[in-house]
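Colleague: I am new to this one. Can we go through it feature by feature?

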Amino acid sequence: MKKILLIIGILSLTPILAQSNADFARVYLKRARISAAEIDFKGARVSFEKAMTYMDAIKDKEVASLGATIYFDEFDKQKTEELQLDFLNKALYYSKQYFLLDKNNRTEVFSENLDMQLSIIDAIKEVEKKITKKELERIRKEKELKKIDSLKTIWNNKSKALSIVADTIYSFNSKNFALFTFNGNYGIVNDRAEVIVKAEEYGFGVSYDGYIVLQNTETRPTKIYYLNTTNGSGNTLPPPSDINPLSTHYGKVMLPRANGRLVTYLNNSYEPLVFDLVQHKVVRLANLEDVLKALKKNDRIKKYNNDGEIKLGKDWYFFGGHLGGGVHPIYAKGNYKVHGYLFSIDGTMLLASTNLEYIGAFHENKLQAFKDDTVCWINQNGTEINEPVDPFKVYEGNSKIVKLEDGVYQIFNEGKIIKGEEELEKMADFLRKFQK
């Protein structure tokens with residue numbers, strides 16, 4: 001019984017609901033007309049759109065004209081051309097609906113609606129032109145961005161090719177060369193970003209007095225490379241065994257001097273290696289007997305013999321050659337470690353055990369020395385003096401070392417990245433050049 005009553009209730013409600021939709025539509029259309037009369041087309045559109053939700057089709061030409069008027073008035077208030085075109089298309093739709101319902105072309109209202117439709121069509125063309133122009137601009141910009149991205153890729157690849165892989169690049173000397181390190185090894189680069197020696201096999205390096213010296217190890221090296229930065233020529237020292245058959249390493253290596261002399265203390269040798277880096281040859285006393293005779297004459301030694309031995313006091317020693325400036329290493333028999341140094345200028349004898357363990361090459365009245373593992377500088381009679389100023393230390397060129405990130409450097413000259421004869425302007429300038 002209850003089910004029958006429910007079905008009867010639903011059937012009786014259907015006409016009421018249909019009537020209500022028409023009523024609701026009329027109310028919203030009335031509100032829309034009032035808002036339009038008050039020039040509130042935004043409010044009119046809200047009411048009109050609500051009315052349309054209750055209507056299946058437009059059967060009244062005035063409703064169609066109202067819709068066309070509302071959307072045509074509102075289109076230019078929209079933020080984008082796409083929204084404007086949407087409003088105009090709706091206006092045109094309702095305008096066409098009007099002419100489907102009104103066939104009397106002699107009335108003023110017909111003429112007004114026809115004039116409005118033409119205005120809508122003209123407005124659609126203008127907005128479509130703007131949209132087309134905007135799309136073409138978007139495509140142009142997209143192509144331009146792709147071109148820029150492509151140019152950036154080209155620039156980045158070239159920039160990478162002009163980079164130097166290094167952990168550190170030290171300052172250039174006055175002859176435009178510098179040490180650099182990578183993975184614990186030392187190499188040499190010039191201020192045109194050209195790698196002269198790769199950082200692959202030399203674990204220690206020093207730049208001093210116009211020379212750069214690389215050693216395969218810091219202590220007891222077995223291979224030494226040197227570069228004369230004045231003329232850009234480089235070479236490796238002869239193997240220790242070529243200099244002394246008993247030597248297996250160079251021992252203590254002193255600083256190179258501006259006169260091209262380098263001193264190292266070979267193991268198993270009674271004489272340091274004095275090497276001429278300019279002429280690439282070992283320096284030995286050609287007139288040993290004359291030197292020894294002069295030392296005896298000036299009472300610097302007591303005796304000497306044909307085996308190159310000298311007598312100091314009661315003991316005989318091996319004469320260890322000449323470091324320059326009248327400084328001579330002296331070795332005790334049976335001991336390859338330097339016993340002392342004879343300063344022939346005044347006969348001073350400094351023992352290595354209590355004074356100076358190692359002394360380097362003489363140049364401009366100064367010699368590098370090690371005292372208790374500390375570097376000091378001495379003159380021709382062994383007196384400590386101030387450290388000399390490296391005349392090759394200050395770089396006066398235009399190149400600048402720039403660290404891009406850990407392990408990557410570039411050399412800039414006059415605002416451009418350089419490497420050898422190649423150069424690359426900054427990215428902004430590069431892009432600007434090709435965009436023109």
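Modeller: Start with helix packing. Axes are lines fitted to C-alpha atoms, for helices over the stretch in contact, and angles run from 0 to 180 degrees between N-to-C directions. Keep in mind that this is a predicted model.

Colleague: How confident is the prediction, and over which residues is the pLDDT below 50?

Modeller: The chain averages a pLDDT of 92, and 95% of the residues score at least 70. Residues 1-18 have a pLDDT below 50. Where pLDDT is low, the predicted coordinates should not be read in detail.

Colleague: Back to helices. What describes two packed helices?

Modeller: The angle between their axes and the distance between the axes. Take helix α3 (residues 61-74) and helix α4 (residues 81-101): their angle is about 160°, and their axes are 8 Å apart.

Colleague: Are α3 and α4 roughly parallel or roughly antiparallel?

Modeller: Angles over 145 degrees count as roughly antiparallel. The angle here is about 160°, so α3 and α4 are roughly antiparallel to each other. The crossing of α3 past α4 is left-handed.

Colleague: Which residues make that contact?

Modeller: From α3, K61, A64, S65, G67, A68, Y71, F72 and E74. From α4, F87, L88, K90, A91, Y94, S95, Q97, Y98 and L101. By class, the contact of α3 with α4 holds 10 nonpolar, 4 polar and 3 charged residues.

Colleague: How do α2 and α3 cross?

Modeller: Helix α2 covers residues 41-52. The α2 and α3 axes come within 10 Å and cross at roughly 135°. That angle makes α2 oblique to α3. The crossing of α2 past α3 is left-handed.

Colleague: Which residues of α2 and α3 make the contact?

Modeller: On α2 they are F41, K42, A44, R45, F48, E49 and M52. On α3 they are V63, L66, G67, T69, I70, Y71, D73 and E74. The contact of α2 with α3 divides into 8 nonpolar, 2 polar and 5 charged residues.

Colleague: Now α5 and α8. Is their crossing left-handed or right-handed?

Modeller: First the geometry. Helix α5 (residues 108-161) packs against helix α8 (residues 427-435) at about 130°, with axes 10 Å apart. That makes α5 oblique to α8. The crossing of α5 and α8 is right-handed. On the α5 side, the contact is made by E144, K147, I148, L151, K152, I154, W155 and N156. On the α8 side, it is made by M427, F430, L431, F434 and Q435. The contact of α5 with α8 has 8 nonpolar, 2 polar and 3 charged residues.

Colleague: On to single residues. Is I212 buried or exposed?

Modeller: Buried means under 20% relative accessible area. I212 has 0%, so I212 is buried. I212 sits in strand β7 (residues 211-215). Leaving aside neighbours within four places in sequence, I212 is in contact with F177, A178, L179, I188, V206, S207, Y225, Y226, L227 and T229.

Colleague: And how should I read H363 in the same way?

Modeller: H363 lies in strand β20 (residues 358-363). Its relative accessible area is 17%, so H363 is buried. Setting aside neighbours within four places, H363 is in contact with D209, R257, A258 and N259.

Colleague: Last point, distances. How many Å apart are A37 and V282 in space?

Modeller: They are 112 Å apart, C-alpha to C-alpha, and 245 residues apart in sequence. A37 is in helix α1. A37 is exposed, at a relative accessible area of 62%. For another pair, take I212 and I148: they are 64 residues apart along the chain, and their C-alpha atoms are separated by 44 Å.

Note on methods:
Residues are numbered from 1 along each chain as its sequence is written. This is a predicted model: local features need pLDDT of at least 70, side-chain atom pairs count only at pLDDT 80 or more; totals for chains, interfaces and linings use all residues. Side-chain values use heavy atoms; hydrogens and water are left out. pLDDT is the predictor's confidence in each residue, from 0 to 100. Contact means heavy atoms within 4.5 Å. Helices (H or I, at least four residues) and strands (E, at least two) are DSSP runs, numbered from the N terminus. Angles under 35 degrees count as roughly parallel, over 145 as roughly antiparallel, 65 to 115 as roughly perpendicular and the rest as oblique. A crossing is left-handed if the near helix is turned anticlockwise from the far one by less than a right angle, and right-handed if clockwise. Ala, Val, Leu, Ile, Met, Phe, Trp, Tyr, Cys and Pro count as nonpolar, Asp, Glu, Lys and Arg as charged, and the others, Gly among them, as polar. Buried means under 20% relative accessible area, exposed over 50%, partly exposed in between (1.4 Å probe, protein chains only).
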